[in-house]
Amino acid sequence: MHRNLVRTLLCLGAFGLLTLTAAACGSSDETTTIEGEVEGQTSPRVEAVIAEYRDYLQQNADELVATTEPFVAAVVAGNLVEAKELYVAPRIPYERIEPVADSFGSLDPRIDARETDVAAGDFEGFHRIEKALWEEGTTKGMAPVAEQLERDVEALAEKVKGVELQPVQIAEGANGLLGEVSASKITGEEERYSHIDLVDFEANVEGSEAAFEAVKPLLDESNADLSGEIEADFKMVFNSLEPYRTADGFVSYTELTKADTKELAVAIDTLAEKLSQVPAEIASSEHS
Amino acid sequence: MLPLTNITRRRLLASAGVGAAAVGLGGGGFLAGHQAADASDEGTGSVPFYGEHQAGIGTAAQDRLHFAAFDLLSEDPAELRELMRLWTVAAAEASTGEMVGDVNHVPLAPPEDTGETVGLLASRLTVTFGFGPSLFEKPGLGLAGKRPAALQPLPPLPGDELAPGESGGDICVQACSDDPQVAFHAVRNLARIGRGIVAVRWSQLGFGRTASTSRSQDTPRNLMGMKDGTANIRAEDSEDMDRFVWVGGEGPDWMRGGTYMVTRRIRMLLEVWDRASLQDQERTIGRHKYSGAPLGGSEEFEPLPLDAERSGHPVIPPDAHVRLASAKENDGARILRRGYSFTDGVDESLGELEAGLFFISFQRHPEQFVAIQRRLGSLDALNEYIKHVGSALFAVPPGAPPGGYVGEGLLA
């Protein structure tokens, strides 16, 4: 879940992308007001940032739909082995753009909730099917869940087309994705039945990097040193994953030792601490 | 291993600005410093961070501890220098009760200070830094030539049952305060500032002091219910401090005015202890439980009657803790103890409270501790009730003057 991003989106929505008053968002007791760029007066460089990230969102939303279809077909057909193989592919595009999905209210919990996130009767989506395939060893009863999942990812792809974004939100999304890694991937909680957590880990970081790369031209203007450090840290994080890569993905989360997960967590924290400074930096850049 | 990282520009700027301010604030305080171990402002006051010696050693022991040992992730000497510079500034800010950093009111930026001490008093916070032997073994840092001969890993000692995850460390931070949240805040913020350069290796919370370091303080009780540290060195005894605690002319130069810190995580088998009779408990320690007086005596601060006998037996048993730990039985060697009681939940395999003493001692040479522990570890009647499960040694450099940083003599 991305409470911060959701809050930001709600605030921006309420103020029509014009003015973000921190006090109104409950994030601070200061009275500071941040002037957002007025829609319609967006500068070409900011438009380029938004366009680049919207393309990325759309590509991944399309990929999500395209890879969910065969997975759903295998589940509906009752093909357990094939369904387990096809489960991995749609997870990747979803995890790359998850903060945006999160902003569409009930869609993220319907698609991606873990069993412990929701009330007993509301457990559905990818992880309900994951539990059936790996823990229960069957596709039985999963056809309606799979069909609903397909409708939900299609609805998500449709909503992505109309999403409104500003650079600060894109930068906060980059942070949110690393928060996801820290909260549920590095702990093995996200894919608790299939243990493909490192696949999600990489996808979250890829999504974070894409969001960062989109806003990077703005950051380069305000703080080129920070920009360079963050780029190097993304490389460092990807390198730290390499020892666990296999021919068709990553080793099972259950194979990681405490020392392994600590090293990955330290790498993420190092990057995330710097990345968390980007929204304020580019907000100042937008007005310079 | 992680590749080298750089500290962000913002932090560099912040440290430059605040460092300059600190020079003004600390004027005149350097030599006066915090030598005096004053407990009169217990609970609320502030202890000067800058001074001849680091605070948290000869200053009055506060009630709470948060200790952390860090692994260094970088072998770039410039990064280590910068880390110590930033840590010094942040520790000095926190010691006055100020917020850490200067980016705390930008709505779109995460505040530099984590905020949990806003509205709290300085609560006598002290932050003490030390360098472990392993720091001097990192080729990239090039510190091998400056390694004090005294700074060798502690030898295996009788009774050791050490867990590697609770031992050692390249750098340590000892944060003491009368408010546990203030101590926690210091460690948390230093860990955050050091992200990418250091990672926490282990940490320990202590909830009650088990030693007095000043004559103005009463002797506290440890979890065995015994007064602990009656015979401790007191900061007022400057001759003893100079003789047993502070490194002097023996050097190296960068350690002059510093000291060596030993930490031992000592698990107490409280269930077993609680079943021992009062007489057994008192004979184990060599003191009366409630008065703290030596066996056979009536006043806590009476000298130990080590030679006294009754019916042909020594009044203080040969294996009593106070006898074996006494200066008289250790060729006059003494150490400054500054430990804390701890509990960390439950030992799941036993269903018992995981609790004990986080022992901290400061001494001019680690051998002072080693010699005492050799005897205690093999002979002490107390061994039936304790296990040493964690161990670390650190070289604690002298204090920093305003505008300088802790460890400057080593790293500059």
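**Figure 1. Chain B, overview of a predicted model.** The accessible surface of chain B comes to about 16200 Å², and carbon and sulfur atoms hold 53% of that surface. Areas follow the Shrake-Rupley method with a 1.4 Å probe, and for residues only the protein chains shown count as cover. This is a predicted model, in which local features need pLDDT of at least 70, side-chain atom pairs count only at pLDDT 80 or more, and totals for chains, interfaces and linings use all residues. Residues are numbered from 1 along each chain as its sequence is written, chains are lettered from A and ligands numbered from 1 in the order in which they are written, and side-chain values use heavy atoms, with hydrogens and water left out. Chain B has 10 helices and 12 strands. These elements are DSSP runs numbered from the N terminus: helices are H or I with at least four residues, strands are E with at least two. Of its 412 residues, 58% count as buried. Buried means under 20% relative accessible area, exposed over 50%, and partly exposed in between (1.4 Å probe, protein chains only). Among contacts in chain B between residues at least 6 apart in sequence, 75% join residues at least 24 apart. A contact requires heavy atoms within 4.5 Å.

**Figure 2. The second largest pocket and its lining.** The volume of this pocket is about 970 Å³. Its lining has 47 residues, and those closest to the centre are B:Gly229, B:Ala231, B:His321, B:Ala325 and B:Arg337. A pocket is an open set of points on a 1 Å grid over the protein atoms alone, where a 1.4 Å probe fits, with protein on both sides within 12 Å along at least five of seven lines; lining residues have an atom within 4 Å of a point. Grid points are joined across faces, edges and corners, and the volume is the space filled by probe spheres set on them. In chain B, strand S6 (259-268), helix H8 (321-325), strand S11 (352-363), helix H9 (366-379) and strand S12 (386-396) each supply at least two lining residues. H9(B) gives the largest share, five residues. By class, the lining holds 24 nonpolar, 12 polar and 11 charged residues. Nonpolar covers Ala, Val, Leu, Ile, Met, Phe, Trp, Tyr, Cys and Pro; charged covers Asp, Glu, Lys and Arg; the others, Gly among them, are polar.

**Figure 3. Strand S2 of chain B, covered on both faces.** Six of the six residues of S2(B) (126-131) are buried, so this strand is largely enclosed by the rest of the structure. B:Thr126, B:Thr128 and B:Gly130 lie on one side. B:Val127, B:Phe129 and B:Phe131 lie on the other. S2(B) pairs with strand S3 (171-177) of chain B in the antiparallel sense, over six bridges. Two strands pair if DSSP finds at least two bridges between them. Opposite B:Val127 stands B:Ala175 of S3(B).

**Figure 4. Strand S1 of chain B and its two partners.** Eight of the nine residues of S1(B) (64-72) are buried. S1(B) pairs with S3(B) in the antiparallel sense over seven bridges, with B:Arg64 opposite B:Ser177. S1(B) also pairs with strand S4 (198-206) in the antiparallel sense, here over eight bridges. B:His66 has B:Leu205 of S4(B) as its bridge partner.

**Figure 5. B:Leu121, an exposed loop residue.** B:Leu121 sits in the loop between helix H3 (77-95) and S2 of chain B. Its relative accessible area is 52%, so B:Leu121 counts as exposed. B:Val262 is 141 residues away in sequence and 29 Å away in space, C-alpha to C-alpha.

**Figure 6. Helix H6 of chain A.** H6(A) spans residues 126-136, and eight of its 11 residues are buried. Among them are A:Phe126, A:Ile129, A:Ala132 and A:Leu133. The buried residues pack against helices H2 (44-76), H3 (80-96), H5 (107-112) and H7 (143-161) of chain A. A:Gly137 follows H6(A), with a positive phi near 65 degrees.

**Figure 7. A:Lys131 and A:Tyr193 in contact.** A:Lys131 belongs to H6(A) and is buried, at 14% relative accessible area. Beyond four places in sequence, A:Lys131 touches A:Glu115, A:Phe123, A:Glu136 and A:Tyr193. A:Tyr193 lies in the loop between helices H8 (167-185) and H9 (197-222) of chain A. A:Tyr193 is buried too, at 13%. A:Tyr193 and A:Glu130 are 63 residues apart in sequence and 6.4 Å apart in space, C-alpha to C-alpha.
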